[in-house]
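Student: I have a two-chain model open and would like to learn how to read it. Could you walk me through it, one feature at a time?

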Amino acid sequence: MKYLMMIAVDRSSRPASLAAGEKLMAEYLAFNQRITGSGELVTGDRLEDAGTATSVRVRDGKTMLTDGPFAETTEQLGGFYIIDVPDLDRALELAAQIPNARDGVVEVRPIVAG
Amino acid sequence: MTGRRRRVPAATGVPAATGVPAGTGVPAATGVPAGTGGLADELDAVFRREAGQALAKLIRFLGDIDLAEDALQDAIVAALESWPAGGIPDSPLAWLLTTAKRKAVDRLRRETQRSDKQQAALAWAADGQQEADMSAIEDDRLRLVFTCCHPALAADAQVALTLRLIGGLSVTEIARAFLVTETTMAQRLVRAKRKIRSAAIPYQVPSDAILPDRLPQVLAVIYLIFTEGYSASAGDDLIRSDLCAEAIRLGRLLAELMPGEPEVDGLLALMLLHHARGPARVDSAGDLVLLAEQHRSRWNRGQIAEGVALLDKALRRSRRLGEPGPYQLQAAIAALHDQAPTARDTDWPQIKALYAELYRRWPSPVVGLNAAVATAMADGPAEGLAQLDVLADNDRLRTHHLYHAARADLLTRMGRTCDAVAAYRRALELANTTAEQRFLAKQLCGVSRDQ
């Protein structure tokens, strides 16, 4: 069963210091190693901030572009993982281990089975 | 679950959950034709007893709640056709399982699209051997309890699923109990079952590592059903006994499935000790009667004895494991009330101490309110009022009728009639049920007269 874990973080929140930023990166590195080692990681990446997003809509054959993400919320998608695990309980357990779950929020969505 | 639906790419092609299957699932009394007298009642009793067990087992083997409900429904229809003439079989459960299995095969063969899960189910169902392993049936029921009460489901969905799949209530009954339309309730159930399937909410008893997190959720769902029945949040009836009885039935089932869990026994004890007062809690006009004014002879002594025995057992076990949980503490308070010969002869200092302990570990506004009332009874109204004033900052409490009703009562006892009248008026504005409004109006009238 595959799940998409979307990591949403407060746009205004930045690591308090260089050291705090490095600590966060180290935690992500450790998490990545754990789920790579267990074979649960399919893919995952960190995203550029939401200010770099472009939203695309095609209406009546015309392409419309908007600067910014499709939903304006205080919390914005900052990164994602796709994992392959037996059930939702394991997915939720891993989501709780994502470092930004402590200050942001992780949305876990099942991926429709092919 | 629906509130925050975002724009979905058109490619999903999945129709929204609008089509509510008719007559889903465990047939409660509905399947039996009315007016056939004794046999209908007998069949109804058999189905009520066996359907929950059959369903739990079918869900595990078929891996799909809807398919299991449909197959069981088919089997019950078949039973209604053949049992009246041929008699009820020796093991109705085995008969229902065998028949449901055959019906599931029929259904799966009719369907064009089959997921891998259904293929596996088909392989099981087509297997000619009777492999209904009866010994594991209780495990399956417990699995189903934890699936229904999974924290990834919304609270109202957990309650609805538990009543439907464990309690075997019909959609109509659940909708009526929670004062929503049948369509709303049916859709709530469809959405919840869809999430269980699509998100792969597991069908298992949680591991020891997460059980301490998950068990309180199950207990909370059962207690929510009880409190909804005991103190209906809206409507004309103050108590909906059917919901209380259902919650107690679920509590008994859980106590049977998880022997030796002190909080499970504590919850059952708490519900019994409260339910025992039910007959005295409302007068012939349907009005609320305060604990102090209830006819204690009308309390159900059998239920009190059972509740006290369960509580003793739970507390003995807790003492070995550590501190007693919140349900045991609340049951201990209820037991002190139930065992007191009169309101005056109640062990108020002990109740005050138990509420203080409860508030120390689970500081909720309602517990704080009760703690203040207990203080007033143990030490006098002025001490209680001082404790209530400390809680006044809490928004949820300040807009709750019980907070103002409690203040009004203490103010009356202190002789501050003007303030008491104002407090009763505020409580009256905030009360939701007509019975509570009538009660408060009566109190207000009494105080105003003394003014």
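Student: Where should I start?

Tutor: Start with confidence, since this is a predicted model. Where pLDDT is low, the predicted coordinates should not be read in detail. Chain A has a mean pLDDT of 92, with 98% of its residues at 70 or more.

Student: Which elements of chain A have the lowest and the highest confidence?

Tutor: The lowest is strand 4 of chain A, residues 62-67, with a mean of 93. The highest is strand 6 of chain A, residues 105-110, at 97.

Student: Good. How do I read the fold of chain A, and in what pattern do its elements follow one another?

Tutor: Count the elements, then read their order. Chain A has 2 helices and 6 strands, and along the sequence they run β-α-β-β-β-β-α-β. The C-alpha trace of chain A spans about 45 × 45 × 20 Å along its principal axes. Of the 114 residues in chain A, 27% are buried.

Student: And how many helices and strands does chain B have?

Tutor: Chain B has 21 helices and 0 strands. Chain B holds 451 residues, and 48% of them count as buried.

Student: What can the contacts within a chain tell me?

Tutor: Look at how far apart in sequence the touching residues are. In chain A, take the contacts between residues at least 6 apart in sequence: 75% of them join residues at least 24 apart. For chain B, among contacts with a separation of 6 or more, 65% are between residues 24 or more positions apart.

Student: Now the interface. How much area is buried between chain B and chain A?

Tutor: The size of an interface is often given as the accessible area lost when the parts come together. Here that area is about 890 Å², and carbon and sulfur atoms give 54% of it. In residues, 12 of chain B are in contact with 10 of chain A.

Student: Let me try one in chain B. Is Glu50(B) buried or exposed?

Tutor: Glu50(B) counts as buried because its relative accessible area is 9%, under the cut-off of 20%. Its salt-bridge partner is Arg49(B), with the closest N and O atoms 3.5 Å apart. Arg49(B), at 49% relative accessibility, is partly exposed.

Student: Where do Asp409(B) and Arg413(B) lie?

Tutor: Both are in helix 19 of chain B, residues 401-413, and they sit 4 residues apart, about one turn of the helix. Asp409(B) is partly exposed, with a relative accessible area of 30%, and so is Arg413(B), with 40%. Elsewhere in chain B, salt bridges that share partners link Asp64(B), Asp66(B), Glu69(B), Arg164(B), Lys193(B) and Arg197(B) into one network.

Student: Which residues is Ala157(B) in contact with, leaving aside its neighbours within four places in sequence?

Tutor: Ala157(B) is in contact with Arg188(B) and Ala192(B). For distance in space, take Lys193(B): its C-alpha is 9.2 Å from that of Ala157(B), and the two residues are 36 apart in sequence.

Methods
Residues numbered from 1 in each chain as written. Chains lettered and ligands numbered in written order. Predicted model: local features only at pLDDT ≥ 70, side-chain atom pairs only at ≥ 80, totals over all residues. Heavy atoms only, no water. pLDDT = per-residue confidence, 0-100. Contact = heavy atoms within 4.5 Å. Buried area = accessible area lost by both parts, 1.4 Å probe. Buried < 20%, exposed > 50% of the residue type's maximum accessible area, 1.4 Å probe, protein only. Salt bridge = Lys/Arg side-chain N within 4 Å of Asp/Glu carboxyl O.
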